[in-house]
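Work through these exercises with the model open beside you. Try each task before reading its solution.

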Amino acid sequence: MEIKYDVEVDARGLQCPMPIVNARKTFQTLQSGQTMRVLATDPGSVNDFKGWANMVADAELVAQETIELDGKTVYVHYVRKK
Amino acid sequence: MIANGQTAVADRTTPELSALQEQIQQLQAQVDALRAQSPENRLSMVVFSGDLDRVLAAFVIASGAAASGMEVSMFFTFWGLTALRQKRESRGKTLFQKLMGWMTPVGMRGLGVSKMNFGGIGAKMLRAMMRQQGVPQLEEMAQMARELGVRIVACQMSMDVMGLHKEELLEGIEVGGVATFLGDATKSKATLFI
C-alpha cells in the first residue's frame, strides 16, 4: 500500500497505552490535512487506533495494514488530521 | 399613500417579529439548559483501591482517555490515597492514625498486588514481568497521566480519618470532597470505581 504521510511515529516494542499516547503527542503537532504513520508491534493497536480515531474529533483513520519489518509483524496506522 | 402603506406593514410585522424573538429566546434558554445537562467528553474515576494492579489499571485507562482527547478526573479515596503518599509523617497524629500510617504503603513503590502478593514478592515479580514486556511502570504511567492533564483529587474526608496531611501527598494534586467527584461524574460519559 502506497500512502503518503508527513510524519512517522515509531511505537514498535511499546505496549498499551503507549502507542496512542505517543501518537497523540505527534498528532497535536500536525497541520490540518497532514497525515502521520504509526508503526506498532502491539496487535491490540489495530482496534485501539480505530477507537482512538473515533474519539478524536479531528482524526481520520485513513488506512491500516500489517507488514513484516526487520523480521517482525508491524501494524501500520495512517491517521490524517482533518 | 405609499408612506401610509409602509406604516401599515410595519405595524403588522412588529407583533409577529416580537413573537418570533420571544420564541428564539425560549429556544435559547432550552438549548442552554440542555447543554448544562449534557455530558462533556469526560471520564471520572474513583480510585478506592491501593493495590498495585488496580491502580495501574486506573492509570492506563486515564492515560488512554487523556490521549484520546478526553478530560479525565481521578478521585483517590481510602486505600487509594496510599498511592499518592510521598513520605511518612507521624507528628500531630493520634495513635490509631500513626499505626495506620506505619502499616500502609508510602507511595506507588510500596503498593502490593491484589492477589499473590506474598509480602511484596508478588509486586516485585509483576513489575519485573511488566519490564520484560515493555510496559511502563506505575510511576511512569502516573507521571504521563499528569503530563496529559489528568486531574487528580485526594479525598479530604479519608485524609482526615487516616490522618494524612496534604504535605505527605504528591505535590500539585487537589483536595476535595464527594461533591467534587459528583460535580465531574455527572458531566462524564463514563464513570469507574476501581
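**Exercise 1. Salt bridges**

How many salt bridges does the structure hold over all chains?

Solution. The model is a predicted one. Over all chains, the structure holds 14 salt bridges. Two steps show what some of them look like.

Step 1. Take A:Arg12 and A:Asp70. Their closest N and O atoms are 3.5 Å apart. The cut-off for a salt bridge is 4 Å, so the pair qualifies. The two residues sit in distant parts of the chain, 58 residues apart. A:Arg12 is in the loop between strand S1 (7-11) and helix H1 (18-27) of chain A. A:Asp70 is in the loop between strand S3 (59-69) and strand S4 (72-81) of chain A.

Step 2. Turn to chain B. B:Arg54 and B:Asp51 meet through their side chains in a salt bridge of 2.8 Å, N to O. B:Arg54 has 40% relative accessibility and counts as partly exposed.

**Exercise 2. The interface**

How many residues of chain B are in contact with chain A, and what kinds of residue are they?

Solution. Step 1. Count. 15 residues of chain B are in contact with 11 residues of chain A.

Step 1. Look at the area. About 1,100 Å² is buried between the two chains, and carbon and sulfur atoms give 66% of this. B:Ala67, B:Ser68 and B:Met144 supply 40% of the area that chain B buries against chain A, more than any other three residues.

Step 2. Locate the elements. Helix H2 (52-67) and helix H5 (138-147) of chain B each supply at least two residues of the side that touches chain A. H2(B) gives the largest share, 5 residues.

Step 3. Sort the residues. The side of chain B that touches chain A has 9 nonpolar, 6 polar and no charged residues.

**Exercise 3. A helix and its surroundings**

Why is H1(A) described as largely enclosed by the rest of the structure?

Solution. Step 1. Apply the cut-off: a residue is buried under 20% relative accessible area.

Step 1. Count. 9 of the 10 residues of H1(A) are buried, so the helix is largely enclosed by the rest of the structure. Among the buried residues are A:Met18, A:Ile20, A:Val21 and A:Phe27.

**Exercise 4. One glutamine**

Is B:Gln97 buried or exposed, and which residues does it touch?

Solution. Step 1. B:Gln97 is in helix H3 (residues 95-103) of chain B.

Step 1. Read its accessibility. At 15%, B:Gln97 counts as buried.

Step 2. List contacts. Leaving out residues up to four places away in sequence, B:Gln97 touches B:Asp160, B:Val161, B:Met162 and B:Gly163. Its side chain reaches the backbone oxygen of B:Asp160 at 3.1 Å.

**Exercise 5. Backbone exceptions**

Solution. Step 1. Most residues other than glycine have a negative phi, and most peptide bonds are trans.

Step 1. Find the cis bond. It joins A:Cys16 and A:Pro17, with omega about 5°. A:Pro17 lies in the loop between S1 and H1 of chain A.

Step 2. Read the phi values. B:Phe78 has a positive phi of about 45°. B:Phe118 also has a positive phi, near 45°.

Step 3. B:Phe78 lies in the loop between strand S2 (71-76) and H3 of chain B, and at 24% relative accessibility counts as partly exposed. B:Phe118 is in the loop between H3 and helix H4 (121-132) of chain B, and at 64% counts as exposed.

Conventions:
Residues numbered from 1 in each chain as written. Chains lettered and ligands numbered in written order. Predicted model: local features only at pLDDT ≥ 70, side-chain atom pairs only at ≥ 80, totals over all residues. Heavy atoms only, no water. Contact = heavy atoms within 4.5 Å. Buried area = accessible area lost by both parts, 1.4 Å probe. Helix = DSSP H or I, 4+ residues; strand = E, 2+ residues; numbered from the N terminus. Nonpolar A, V, L, I, M, F, W, Y, C, P; charged D, E, K, R; others polar. Buried < 20%, exposed > 50% of the residue type's maximum accessible area, 1.4 Å probe, protein only. Polar contact = N/O pair within 3.5 Å; in protein donor to acceptor, adjacent residues only side chain to side chain.
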